[in-house]
Amino acid sequence: MNLGNCPRCGKLYAVNFREVCPACIKDIDKEYERCATYLRENRGCGIQELSEATEVSYRQITKFIREGRISLIDAPHLAYPCEMCGSFIREGNMCVDCRSKLMKDIGAVNEASATSEQQRLKSGYKIGDKFRKE
Ligand SMILES: [Zn+2]
Ligand SMILES: [Zn+2]
């Protein structure tokens, strides 16, 4: 049996697949119930309204959505904040803007390493030498 501190309440517990202690699992299930009930009655609500009405944090609601426990199909106005900029999104971890920016950054990094590779081939430097010099 593995013991660990629950990341949610800090208590020592036997580590399980849910990552939090049994008391927190119950809490989270109750929070989910509150969200699900509220959403059933207020299909058009947004995450702010849902969070205020149920006293469940954005973070937890976002988690429910990501886990698929709360379906956005049943909640047409529900969205959660982008991890990068906080603008509201309905799928993935990031908004389209941040994703394309990230892709550009990754592209730039790839390009840069491709360029240094070419330089290395041209100049005959070992890559380690090049980094040490710069
Ligand atoms: Zn706990
Ligand atoms: Zn964003």
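Mentor: A charge sits over a ring if NZ of Lys or CZ of Arg is within 6 Å of the ring centre and within 35 degrees of the ring normal. The charged end of R69 sits over the ring of Y32, 4.6 Å from its centre. This is a predicted model, where local features need pLDDT of at least 70 and side-chain atom pairs count only at pLDDT 80 or more. Residues are numbered from 1 along each chain, ligands are numbered from 1 in the order in which they are written, and side-chain values use heavy atoms.

Trainee: Why is the pair of Y32 and F64 called edge-to-face?

Mentor: Rings of Phe, Tyr and Trp (its six-membered ring) pair if their centres lie within 6.5 Å; planes under 30 degrees apart count as stacked, over 60 as edge-to-face and the rest as tilted. The centres of Y32 and F64 are 5.4 Å apart and the planes stand at 70°, so the pair is edge-to-face.

Trainee: How do you know that F64 is buried?

Mentor: Buried means under 20% relative accessible area, exposed over 50%, partly exposed in between (1.4 Å probe, protein chains only). F64 has 0%, so F64 is buried.

Trainee: Which residues are the protein donors of the zinc ion (ligand 2)?

Mentor: Donors are N, O and S atoms within 2.8 Å of the metal (3.2 Å for Na, K and Ca). The SG atoms of C82, C85, C95 and C98 lie 2.3 Å from the zinc ion (ligand 2).

Trainee: What makes the arrangement around the zinc ion (ligand 2) tetrahedral?

Mentor: Four donors count as tetrahedral if all angles lie between 85 and 135 degrees. Here the 4 donor atoms subtend angles of 102 to 117°, so the arrangement is tetrahedral.

Terms used: Four donors count as tetrahedral if all angles lie between 85 and 135 degrees; four count as square planar and six as octahedral if opposite donors are over 155 degrees apart and all others between 65 and 115; anything else is irregular.
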